[in-house]
There are 2 protein chains.
Amino acid sequence: MTLEEEIKQSKFRNVQQKAILNILFTSNWIQNKQKEFFEPFGITGQQYNILRILRGQHPNLISGAEIKSRMLDKNSDVSRLLDRLIGKNLVSKSQCPNDKRASDILITESGLSLLEKLDSSINNLDTKLNSLSEEEANQLSTLLDKSRD
Amino acid sequence: MTLEEEIKQSKFRNVQQKAILNILFTSNWIQNKQKEFFEPFGITGQQYNILRILRGQHPNLISGAEIKSRMLDKNSDVSRLLDRLIGKNLVSKSQCPNDKRASDILITESGLSLLEKLDSSINNLDTKLNSLSEEEANQLSTLLDKSRD
DNA sequence: AAAAAATGCATGTTTAAACATATATTTTTA
DNA sequence: TAAAAATATATGTTTAAACATGCATTTTTT
């Protein structure tokens, strides 16, 4: 289904504006699919985003600020997102000895094994979320990078 | 700045996944710019989305359900979004005589004149939000449509 | 070294999103 | 036509996002 059909709109100010609406619409569409996917595992897309960052870093420690700088949504309330993950025992936190303001965040064994469970089906999600060829996917990324210039 | 730089990540499961992250990141980026733009006018992006739909329809009446079907975010809480717009006197609501369940929504004069004020600078926003050529913008829309197949 | 600025994080508060449920009405089905 | 299903909206409740502020610590400036 094209954007025009999805939002029942046939006229746009210009093709650039149409592309913007399409980005916003597609982002919502992706997030809805992700929500369905993560729901049985008891986490949200944002929480998954943090767990993935922590695994990428594991077994190194990482601060909250560093996590924030790597997130997709730069406005995230990392402090309370981490609280929720700690509450689920997926993440642990301790004071950083070198910088007493900062905290050392680490993914727990339980968090790692949750991610492993997800790994097996995450490829299904990728293909469900994006049916482009390699070349097309690369083109898309290039255009998105360029559109933010 | 490329996605890799923006989220400090150089490896992705596959190019499709990278494209997905880029869509989500770019959508957040756009929404942040829009928020800045709309802030002085006292409305949010979603509220603007509704006002635009209502102007497109004006002077015809339109139901809440029909508005919802045209919105970018299909999960929108249209009922309370309309309440807020009515509170600002930008929109009016009455019971639909043909279908007593439904409501007839209409943009007010005040709503129309707000949109007119926005029109003059909205093109600046478009160009700020998307620096692609016509051809590239079309390509981008095509790829996004295709990625949702 | 003292003062000023910046940083990392927590937390209070307001606002909105998410989710479920309720109600009235209309449409469909049997 | 009576019963069942679907529709349009409102609203209660829980949860999270948004925004601001505060505090301790570190870094920079003078």
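**Stop 1: DNA strand C.** Select the 16 residues around DNA strand C; A:Ser63, A:Gly64, A:Ala65, A:Ser79 and A:Ala102 come nearest (near a molecule or strand: C-beta atom, placed from the backbone, within 6 Å of it). Now color chain A by element: helix 4 (64–70) and helix 5 (78–87) of chain A are the elements that give two or more residues to this surface. Helices here are DSSP runs of H or I with at least four residues, strands are E runs of at least two, and both are numbered from the N terminus. By class, the surface near DNA strand C splits into two nonpolar, six polar and eight charged residues. The classes work like this: Ala, Val, Leu, Ile, Met, Phe, Trp, Tyr, Cys and Pro are nonpolar, Asp, Glu, Lys and Arg are charged, and the others, Gly among them, are polar.

Some housekeeping before moving on: this is a predicted model, where local features need pLDDT of at least 70 and side-chain atom pairs count only at pLDDT 80 or more, while totals for chains, interfaces and linings use all residues. Residues are numbered from 1 along each chain as its sequence is written, and chains are lettered from A and ligands numbered from 1 in the order in which they are written.

**Stop 2: DNA strand D.** Which residues come nearest to DNA strand D? Of the 16 around it, they are B:Ser63, B:Gly64, B:Ala65, B:Ser79 and B:Ala102. Show both protein chains for this one: helix 5 of chain A, plus helix 4 and helix 5 (78–87) of chain B, each supply at least two residues of the surface near DNA strand D. That surface has three nonpolar, six polar and seven charged residues.

**Stop 3: the two copies.** Superpose chain B on chain A: a rotation of 180 degrees with 0.0 Å of shift along its axis does it, with RMSD 0.0 Å (least squares on the C-alpha atoms of residues with pLDDT of at least 70 in both). That's the relation of a two-fold axis. The same surface serves both copies, as 100% of the contact residues of chain B recur in chain A.

**Stop 4: where the chains touch.** Select the interface: 47 residues of chain B are in contact with 47 residues of chain A (contact: C-beta atoms, placed from the backbone, within 7 Å). On chain B's side, helix 2 (15–38), helix 4 (64–70), helix 6 (109–129) and helix 7 (134–147) each give at least two residues. Helix 2 of chain B has the largest share, 16 residues. Color that side by class and you get 18 nonpolar, 16 polar and 13 charged residues.

**Stop 5: helix 7 on helix 7.** Select residues 134–147 in both chains: helix 7 of chain A and helix 7 of chain B pack at about 130 degrees, with axes 10 Å apart. Axes are lines fitted to C-alpha atoms, for helices over the stretch in contact, and angles run from 0 to 180 degrees between N-to-C directions. Among the residues that meet here are A:Leu140 and A:Leu143 from chain A, and B:Leu140 and B:Leu143 from chain B.

Stop 6: Zoom to the A:His58 to A:Pro59 peptide bond, which is cis, with omega near 5 degrees. A:Pro59 sits in the loop between helix 3 (45–57) and helix 4 of chain A. Chain B has a cis bond joining B:His58 and B:Pro59, with omega about 5 degrees. Finish at A:Asn89, not a glycine, yet with a positive phi of about 60 degrees; A:Asn89 lies in the loop between helix 5 and strand 1 (91–95) of chain A.

Terms used. Two residues are in contact if their C-beta atoms, placed from the backbone, lie within 7 Å.
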